[in-house]
Amino acid sequence: MNTMAFTLFAVIVLLTLGITYWASKRTQTTTDFYAAGRSISGWQNGIAISGDYMSAASFLGIAGLIALNGFDGFLYSVGWLVAYLVVLIVVAEPLRNSGRYTLADMLAYRLKAKPVRSAAALSTMAISTFYMIAQLVGAGGIIKLLLGLQYEVSIILIGVLMILYVAFGGMLATTWVQIVKAVLLMTGTILLSLLVLGHFGFSVVEMFNQVSAKYGQSFLEPGKLYKNPLDNLSLGLALLAGTAGLPHILIRFYTVPNAKEARISVAWAMVIIGFFYIMTTFLGFGAALLVGQEKIMAADKAGNMAAPLLAEALGGNFFLAFISAVAFATILAVVAGLVISAAGAFAHDFYSNVLRGGQATEREQMRVAKWASIGVGVVSIILALIAKEQNVAFLVALAFAVAASANLPVIVFSLFWKRFNTAGAVTGILTGLISSILLVLVSPNLMEPDQALFPLKNPAILSVPLGMLGAVLGTLLSREPEAERKFTELYVRSQTGIGAE
Amino acid sequence: MTTGSHRTDWEQIARSPEFRALMKRKRRFMIGSVVFFSLYYFALPILTGYFRFLNTPVFGSMNGAYLFALSQFFMAWVLAFLYIRHANRMDRLIEEMICKRKEKAS
């Protein structure tokens with residue numbers, strides 16, 4: 001047990017609960033709950049997006065991957081930044097101009113609300129659940145390593161906190177928890193990087209030379225982790241197209257007052273996320289040199305302890321406690337963002353607009369939103385408790401693949417293709433969702449590698465074309481003059497911001 | 001900005017020469033940049049997966065593969081900067097378009 005770490009954890013819990021209390025007084029309407037009253041400024045939202053995105057998987061996971069596998073670990077980092085170009089250039093502004101709270105708002109603009117909202121709510125809840133289980137199971141393991149807390153205790157602790165943030169503080173609390181986390185994470189990562197580079201006379205080349213001397217030049221070359229280049233391409237596609245379809249990232253654009261602020265927020269996010277992922281090389285190679293692979297593997301086979309052990313080696317017990325607390329804050333912020341995205345899909349899309357046909361009063365909508373957050377949180381806690389000891393790392397890949405195959409094609413067609421219609425949207429979302437899940441079920445993630453029916457770990461290279469094909473076929477096999485007529489309105493609104501809420 | 005009771009004629013805006021010129025520029029930038037960054041991005045897994053020449057050391061032990069991966073970050077930042085400059089120009093065109101329509105209406 002580490003008293004220093006416990007103290008820092010307690011400080012973070014108290015700080016975030018304080019934010020929640022402050023936010024709960026300012027959360028009166030559904031716009032407050034889902035979109036923080038559209039009161040977040042561009043740069044604040046940019047930091048919050050980074051907070052939403054830089055999960056414990058990227059902080060602890062990528063550092064470990066690079067420490068153990070060298071160059072290949074870095075490939076993830078590249079995809080995670082370049083993907084924001086799709087968000088920035090294609091999706092963010094039109095989405096902000098034409099929606100209110102969820103991804104489905106934009107789709108329902110020109111398509112039939114009930115079928116489209118049901119399908120989009122389904123894919124949103126699937127993506128958020130996969131992502132959430134991966135985060136929670138990982139979190140349980142990490143907190144066990146860092147603090148010696150039991151797995152079950154960690155999951156319930158994190159679960160209760162995320163429910164409190166979202167149910168009481170809504171999007172405002174979630175946003176500020178993410179901002180606090182992003183600042184802590186960047187501070188920790190910059191400090192670690194500077195200390196690492198200091199060991200090599202602030203010369204990155206010198207660090208590479210020593211890596212090469214210790215582990216051989218081949219450690220710096222591609223091919224250690226991904227033997228099949230197609231695997232790599234498929235993963236690359238999932239990251240590139242999936243980010244712009246992740247509901248918990250997309251709903252962040254509704255928290256800013258207009259499209260211009262949405263644009264500014266992506267720019268801020270890209271600067272922060274880019275620097276962060278470049279620094280993952282310093283953490284990874286630093287850990288490989290200053291801690292050593294044997295010690296990293298001894299603590300955790302997957303390499304998740306690389307960054308905390310590096311902190312201990314460089315700054316002793318206090319720095320270890322600080323980095324552990326940062327990892328804890330990181331987990332909290334990401335899961336809170338996922339809860340509010342799933343709750344919005346259920347309460348706003350499915351309950352208020354499909355079941356109640358848009359007739360629910362403001363009070364009823366608020367009540368359902370809060371209960372939905374509690375429900376989503378409780379279900380996630382139970383699933384994470386069941387999934388203990390399971391290898392769930394593939395779930396993040398699956399979440400990205402579903403987002404890329406089910407959501408992105410439908411978003412793009414809806415914004416730019418006049419002929420696109422309800423049947424196309426529903427078949428597109430369903431084929432993307434089902435094909436991603438089926439392909440993962442028969443992939444090496446869940447079957448013996450030599451028996452797997454589908455050879456790649458990530459299904460995107462096949463499921464994205466399938467999702468697009470579903471959307472195109474569904475569209476061409478039916479006619480919907482209303483959707484074509486309303487296209488012009490959506491097109492002008494989404495591209496100019498005229499009439500945006 | 002108009003909403004609610006005040007009816008906006010979307011068809012008419014969509015047909016106006018100003019809007020069409022705006023969309024032509026927006027679309028050109030969008031398609032051009034998506035094609036460019038997709039090619040640049042997928043070149044990394046292709047060149048590192050199927051070829052070996054990027055393994056040549058450039059600075060000390062730092063090889064071409066790492067430098068090319070690193071260049072992706074700068075590519076993304078530069079393109080984001082260019083997009084924002086372009087989008088700010090588009091904002092001004094949209095503002096002019098809205099002003100013109102208001103003048104006509106009054």
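The structure is a predicted model, in which local features need pLDDT of at least 70 and side-chain atom pairs count only at pLDDT 80 or more, while totals for chains, interfaces and linings use all residues. Residues are numbered from 1 along each chain as its sequence is written, chains are lettered from A and ligands numbered from 1 in the order in which they are written, and side-chain values use heavy atoms, with hydrogens and water left out.

**Chain B as a whole**

- Chain B has 3 helices and 2 strands; helices (H or I, at least four residues) and strands (E, at least two) are DSSP runs, numbered from the N terminus.
- If you read along the sequence of chain B, the pattern is α-α-β-β-α.
- The C-alpha trace of chain B spans about 70 × 25 × 25 Å along its principal axes.
- Chain B has a radius of gyration of 22 Å, whereas a compact globule of 106 residues would have one near 13 Å. The radius of gyration is taken over C-alpha atoms, and the globule rule is 2.2 Å times the number of residues to the power 0.38.
- In chain B, 43% of the 106 residues count as buried. Buried means under 20% relative accessible area, exposed means over 50%, and partly exposed is in between (1.4 Å probe, protein chains only).

**Salt bridges**

- Over all chains the count comes to 12 salt bridges, each being a side-chain nitrogen of Lys or Arg within 4 Å of a carboxyl oxygen of Asp or Glu.
- One of them pairs A:Asp105 with A:Arg117, whose closest N and O atoms are 2.9 Å apart. A:Asp105 lies in helix α6 (residues 103-110) of chain A and A:Arg117 in helix α7 (residues 113-147) of chain A, so this pair ties together parts that are 12 residues apart in sequence.
- A:Asp105 is buried, with a relative accessible area of 6%, and A:Arg117 is buried, with a value of 9%.
- Another salt bridge links the side chains of B:Asp91 and A:Arg263 (2.9 Å, N to O). Here B:Asp91 sits in helix α3 of chain B and A:Arg263 in helix α12 (residues 259-290) of chain A, so the pair joins two chains.
- Both B:Asp91 and A:Arg263 are buried, and together with A:Glu93 they are linked in a network of salt bridges.
- B:Glu18 and B:Lys100 also form a salt bridge, with the closest N and O atoms 3.1 Å apart. B:Glu18 lies in helix α2 of chain B and B:Lys100 in helix α3 of chain B, so the pair ties together parts that are 82 residues apart in sequence.
- B:Glu18 is partly exposed at 29% relative accessibility, and B:Lys100 is partly exposed at 46%.

**Surface patches**

- Patches are made of residues with over 30% relative accessible area and no salt bridge; like charges are joined within 9 Å, and nonpolar side chains (Val, Leu, Ile, Met, Phe, Trp, Tyr) within 5 Å. Accessible areas come from the Shrake-Rupley method with a 1.4 Å probe, and for residues only the protein chains shown count as cover.
- A positive patch is formed by A:Lys260, B:Lys24, B:Arg25, B:Arg28, B:Arg85, B:Arg89 and B:Arg92. Lys and Arg count as positive and Asp and Glu as negative, while His and the chain ends are not counted; the place of a charge is NZ of Lys, CZ of Arg, CG of Asp or CD of Glu.
- Helices α2 (17-50) and α3 (64-105) of chain B each supply at least two residues of the positive patch.
- B:Arg25 belongs to helix α2 of chain B and is partly exposed, at 36%.
- A nonpolar surface patch has about 1,000 Å² of accessible area together, and its residues include A:Leu230, A:Leu466, B:Ile46 and B:Phe53.
- Helix α18 (460-476) of chain A and helix α2 of chain B each supply at least two residues of the nonpolar patch, and α18(A) gives the most, with 5 residues.
- A:Leu466 lies in helix α18 of chain A and is partly exposed at 32% relative accessibility.

**Positive phi angles**

- A:Ala36 has a positive phi near 50°, although it is a residue other than glycine. A:Ala36 is in the loop between α2 (30-35) and α3 (42-53) of chain A and is buried, at 5%.
- A:Phe202, also not a glycine, has a positive phi of about 50°. A:Phe202 lies in the loop between α8 (151-199) and α9 (204-215) of chain A and is exposed, at 56%.
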